[in-house]
Amino acid sequence: MSAFDVTAEYADIREGVANVCAGFGGDYWQDLDARRAYPKDFVDALIREGYLGAMIPEEFGGSGLNLSASSVILEEIHRNGCNAAACHAQMYTMGTVLRHGTEEQKAKYLPGIADGSLRLQAFGVTEPTSGTDTLALKTTAVRDGDDYVVNGQKIWISRAEHSDLMVLLARTTPRDQVSKKTEGLSVFLIDLRELRGNGVEIRPIKTMINHATTEVFFDNARIPASSLVGEEGRGFRYILSGMNSERILIAAECIGDAKWFLKKGADYARERVVFGAPIGANQGVQFPLAKAQAHMMAAEAIVYRAAAMYDSGLNPGVEANTAKMLAADASWEAAEACLQTHGGFGFAEEYDVERKFREARLYQVAPISTNLILCYIAEQVLGLPKSYGPQRA
Ligand SMILES: Cc1cc2nc3c(=O)[nH]c(=O)nc-3n(C[C@H](O)[C@H](O)[C@H](O)COP(=O)(O)OP(=O)(O)OC[C@H]3O[C@@H](n4cnc5c(N)ncnc54)[C@H](O)[C@@H]3O)c2cc1C
């Protein structure tokens with residue numbers, strides 16, 4: 001391992017994660033994919049080994065690892081052909097409670113999230129009519145005595161059916177009554193176990209990937225006022241404060257995917273003989289893989305630079321967003337090269353390539369689309385007019 005590998009110190013984490021993943025090969029994921037089933041055994045194994053409590057401080061029962069180490073965990077899951085999307089939110093969604101919750105909320109929830117007995121997998125921000133324009137969301141939470149009453153609809157809320165708790169962003173002050181457009185939204189930590197069938201309905205959405213994503217409907221759902229996280233009206237900034245770490249962690253997953261595709265593609269190119277020679281002897285097959293390898297290495301460097309900046313206490317918005325975009329592009333380029341290298345076999349389920357190909361496509365859109373990252377870089381770095389957000393309206 002090179003001295004220039006900034007993740008070298010996490011070699012034991014890589015090995016531990018790879019050991020867990022070894023028990024969940026292609027057959028396991030193919031079967032789940034066909035049944036559109038949740039990878040419960042895989043998630044339980046990660047919980048048992050403590051990986052999903054990685055970022056929770058030790059005083060609350062977690063491992064207290066930094067973002068770089070946590071990124072290595074997710075990268076390694078994907079590099080081994082598995083998929084962390086079923087559970088990665090358990091790792092970072094709790095950050096909202098950790099940073100902005102009361103001591104009572106932290107003591108009540110974090111130990112359970114750390115040991116997996118409480119599943120905080122769901123993050124309810126996106127709505128059908130507002131999309132990326134979060135400040136236009138319409139779900140309301142209105143104070144009524146010791147409760148808030150929630151009405152509205154969320155969409156693409158992943159893992160809600162497999163989650164005990166959900167971080168919910170809702171409007172507590174009407175948009176036309178706030179002095180700043182970023183005010184008036186609040187964050188709640190709500191208990192889905194009590195609410196399902198009692199004001200909350202969760203409906204699965206069938207998608208091109210096995211992602212357990214859903215629509216969530218709120219119809220006069222009563223939640224205790226104690227579910228409010230931080231101050232009422234400041235929820236938008238709380239959600240934003242968690243986005244850099246989320247972008248970096250997702251980017252690390254993309255790097256893991258890219259490495260999986262590149263290994264799979266190169267192995268096949270060495271083995272598959274056509275016209276009396278391995279197809280990998282042809283530059284037409286080599287070059288797309290080599291180019292994707294180069295782009296993956298460049299993206300990997302910025303991902304771990306962004307993580308190191310975050311760990312040193314900086315707020316690397318530009319680096320985190322750039323990392324997410326470049327890593328998503330690198331994984332998609334590697335996916336394309338790998339599938340093309342496999343020819344017709346790239347379409348056969350038993351090779352896993354088509355499944356990973358579908359999964360890798362998501363990161364061009366979620367959790368933030370490539371265009372919106374470009375909008376952000378154009379504005380923040382290049383000083384171009386803002387083309388998104390409240391200033392545009
Ligand atoms: C499988 C899946 C899982 C998800 N999980 C969750 C979850 O758990 N919780 C959650 O809250 N959300 C989740 N999302 C939602 C995800 O974050 C959004 O889909 C994403 O942010 C894009 O929003 P949208 O789909 O409404 O697209 P829109 O905002 O409608 O945008 C559509 C297209 O227009 C482009 N666009 C929009 N505005 C501009 C602009 N100003 N300039 C240039 N281009 C623009 C976008 O880039 C995009 O390509 C998930 C989505 C998917 C597909």
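Analyst: Asparagine 220 counts as exposed because 11 other C-beta atoms lie within 10 Å. The model is predicted: local features need pLDDT of at least 70, side-chain atom pairs count only at pLDDT 80 or more, and totals for chains, interfaces and linings use all residues. Residues are numbered from 1 along each chain as its sequence is written.

Asparagine 220 has a positive phi of about 50°, although it is not a glycine. Most residues other than glycine have a negative phi. The residue lies in strand E7 (residues 213–224); strands (E, at least two residues) and helices (H or I, at least four) are DSSP runs numbered from the N terminus.

Arginine 159 is also not a glycine, and its phi is positive at about 65°. It is found in the loop between E3 and E4. Arginine 159 is buried, because 25 other C-beta atoms lie within 10 Å.

Strand E4 (residues 165–171) has seven of its seven residues buried. Leu165, Val167, Leu169 and Arg171 lie on one side, and Met166, Leu168 and Ala170 on the other; both faces are covered. In a regular strand the side chains alternate between the two faces of the sheet. E4 runs parallel to E1, to which four bridges join it; two strands are taken as paired if DSSP finds at least two bridges between them. Within this pairing, glycine 124 stands opposite leucine 168. E4 also pairs with strand E5 (residues 185–191), in the antiparallel sense and over seven bridges. There, arginine 171 has leucine 185 as its bridge partner.

Domain 2 and domain 3 both give residues to the shell around the ligand, so the ligand lies between them. The shell has 23 residues, of which the closest are Gly131, Thr132, Trp156, Ser369 and Asn371; a residue belongs to it if its C-beta atom, placed from the backbone, lies within 6 Å of the ligand. Strand E1 (120–124), strand E3 (147–158) and helix H14 (370–380) are the elements that give two or more residues to this shell. By class, it has twelve nonpolar, eleven polar and no charged residues. Here Ala, Val, Leu, Ile, Met, Phe, Trp, Tyr, Cys and Pro count as nonpolar, Asp, Glu, Lys and Arg as charged, and the others, Gly among them, as polar.

In the loop between H13 and H14 is proline 367. A cis peptide bond, with omega about -5°, joins alanine 366 to this proline.

Helix H13 (residues 353–361) contains lysine 356. Lysine 356 counts as buried because it has 25 C-beta neighbours inside 10 Å. Leaving aside residues up to four places away in sequence, lysine 356 touches Asp257, Trp260, Phe261 and Ala335, where contact requires C-beta atoms, placed from the backbone, within 7 Å. Its C-alpha atom is separated by 9.7 Å from that of leucine 339, 17 residues apart along the chain. Other buried residues of H13 include Val353, Arg355 and Phe357. H2, H10 and H12 are among the elements that cover the buried residues of H13.

Helix H11 (residues 283–311) has 29 residues and reaches 41 Å from its first C-alpha to its last, close to the 42 Å expected; the expected span is 1.5 Å times one less than the number of residues. Its buried residues include Val285, Leu289, Met296 and Tyr310. The cover over the buried residues of H11 includes H4, helix H10 (243–271) and helix H12 (317–341). Glycine 313, with a positive phi near 95°, follows H11.

Terms used:
Buried ≥ 20, exposed ≤ 12 C-beta atoms within 10 Å, placed from the backbone. Contact = placed C-beta atoms within 7 Å. Domains from an automatic or database assignment.
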